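The sequence and structure come first.

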Amino acid sequence: MIIALQSLFVLAGIIIFILIAFKMKSDKIKINMPENYQELLEDYVQFYRQLNEADKKIFEKRIEKFLSEVKITGVNAEVEDLDLLLIASGAVIPVFAISDWQYINLQEVLLYPGSFNQDFDQGGYDRNIAGMVGTGAMQHKMILTKWQLRQGFINNQDAHNTAIHEFVHLVDKMDGTFDGVPEIILERKYVKEWKNIMDSTIWQMKTYGSDIDMYGATNHIEFFAVVSEYFFEQPELLKTNHPDIFTMLARIYRTSN
Ligand SMILES: [Zn+2]
């Protein structure tokens, strides 16, 4: 009798496990990677181009994983294969060194054509409404514009990449505080130093001007996102012009360059 009861519990356990596994699987979005996706990544994504073959494979897997977890919806814009790949690249690039990273604070990316609707009056627009991460009713959503998304990857010598900028905001928010200090990936002992670098650089920018986009002087949040764009687009130039920022971002993003 006891053995029969035990078997029943084991059976019930197995059934519950299968049901949960099935539910988790059904939450995933079925995606078919475009046939020529490697070619598109090679053509448009500088970060991918510079990886060795083994890391390229990892990057591709991470892109596929991201697209299976986050819904991408066009709003008056057609979401083409290239857009999917560029959005996912913007998501993977900042956290490429962290293999188990998951954007648990993101469910959907809305892709607008060139600018947001006039009547779309959510607060918190970024730099000429190029993109934003949602708050309030828009929590867990990100808005990107197709034109800016593509320009960010086509011009990779201007230190601007809207997708990377917005995903860096999500990385920043992941620890529960939106403050330019990504404590989830920055070792605690460096937090004070990073805040000091942000303060002194913002002061210098406001006083003397800078090669860093002035939007970064808005506050710590925008500073972190703006210098991260610079870091991923033109690392060598950042290293030359702002070695202290470069060193700290290399720590945050765990890159070896
Ligand atoms: Zn921003």
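## A bridge in the sheet

Valine 133 has methionine 142 of S4 as its bridge partner. Residue numbers start from 1 along each chain as its sequence is written. The model is predicted: local features need pLDDT of at least 70, side-chain atom pairs count only at pLDDT 80 or more, and totals for chains, interfaces and linings use all residues.

Strand S4 (residues 141-145) runs antiparallel to S3, and three bridges join them. Two strands pair if DSSP finds at least two bridges between them. Strands (E, at least two residues) and helices (H or I, at least four) are DSSP runs, numbered from the N terminus.

## The sheet as a whole

The order S1-S2-S4-S3 describes an open sheet of four strands with mixed pairing. Its edges are strand S1 (71-74) and strand S3 (131-133), each pairing on one side only. From one strand to the next, the twist averages 15°.

## The nonpolar core

The largest nonpolar core holds 59 residues, and Ile87, Ala88, Val92, Leu144 and Val227 touch the most other members. Helix H9 (residues 220-233) gives the most to this core, eight residues. Such a core is a set of buried Ala, Val, Leu, Ile, Met, Phe, Trp, Tyr and Cys residues joined through C-beta atoms within 7 Å. A residue is buried if 20 or more other C-beta atoms lie within 10 Å of its own, exposed if 12 or fewer, and partly exposed in between, with C-beta atoms placed from the backbone.

## The chain

The chain has 11 helices and four strands. Of its 257 residues, 33% count as buried.

Terms used
Axes fitted to C-alpha atoms, helices over the stretch in contact; angles between N-to-C directions.
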